[in-house]
Amino acid sequence: MPTARRASVRRLDLDLLSTSPSSPPSSSSSPHAGSPPVDALARHFALEIPRVFSEAERAALVAGVRAARAEWTADFGGEQFSLGRAFYTHLEQGRSKLYFADAAASDARVERHLPGLQRRMRELVAALTGGLAQPRRGFCGPGVHIFPAGEKVAREGGVVHFDTEGLSDYHLARRRRAITVVVMLELPDADGGLKLWDVLYDGRDHPGDEALSARSLVASYSPGGALVIDSYRLHQIQPFPGGRDRISATVHAAELDSGRWETWF
């Protein structure tokens, strides 16, 4: 069943980080006058925001990630790593207790090595939604995924999935809005984009052949730029060749009520 009017990515040439909840996007910068950018996800598979981080900022963040190598969290036997603990990896590995027990220390590690990153990612959510973006109580804040060159995701691509693991049953039952924001800090040598299907979550975690045969597209990243998707949309990281790791900052956000969103990693 089609879920969007066009299988397309909407590019927003905005300095979104200058937008605050008290100063919503102007009609010239919003896809529709008076509406926040996030509303365009009802009509497009994704939003692309270039230059969230300048080249100098992006390079400094990558250097900070690499300098923190000893504090990366290894997941799935070293298939991937994170700086800051990611909820979905811990859930799938039966390590949720560790995730919550280490949440404050996780945020401290991210801030120590990547000062200001978590704040900037929450500001991006606020600018996209035109609302208040606050940390989710007890959860880890925005963090970084590292997918090593030559490892499983590089060779085969990621798991085809929805980003619904962190949503509560209450949230899912009412289909409250949720988004995933990924800022590419270091691109692999080639490929490594995000495949998006015209399929939204319907309560089944594992898509069947019908879902996988739906229309789709592969969205590309730009260095320092963001892709924003509906967390209910089916997607997959694409394989990537070469010797360069794929490094990205991620924040998930869910709308609690009108104008108020909570964020986590």
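A: Here is a walk around the largest pocket. The model is a predicted one, where local features need pLDDT of at least 70 and side-chain atom pairs count only at pLDDT 80 or more, while totals for chains, interfaces and linings use all residues. Residues are numbered from 1 along each chain as its sequence is written, and side-chain values use heavy atoms, with hydrogens and water left out.

The largest pocket holds about 800 Å³ of space. A pocket here is an open set of points on a 1 Å grid over the protein atoms alone, where a 1.4 Å probe fits, with protein on both sides within 12 Å along at least five of seven lines. Its volume is the space filled by probe spheres set on the points, which are joined across faces, edges and corners.

There are 37 lining residues, and Y88, E92, V159, H161 and E165 are the closest to the centre of the pocket; lining means having an atom within 4 Å of a point. Two or more lining residues come from each of α2 (87–92), β6 (143–147), α6 (152–156), β7 (178–186), β11 (233–237) and β12 (246–257). These helices (H or I, at least four residues) and strands (E, at least two) are DSSP runs, numbered from the N terminus. The biggest share is from β12, with 4 residues.

By type, the lining has 16 nonpolar, 13 polar and 8 charged residues. Nonpolar covers Ala, Val, Leu, Ile, Met, Phe, Trp, Tyr, Cys and Pro, charged covers Asp, Glu, Lys and Arg, and the others, Gly among them, are polar.
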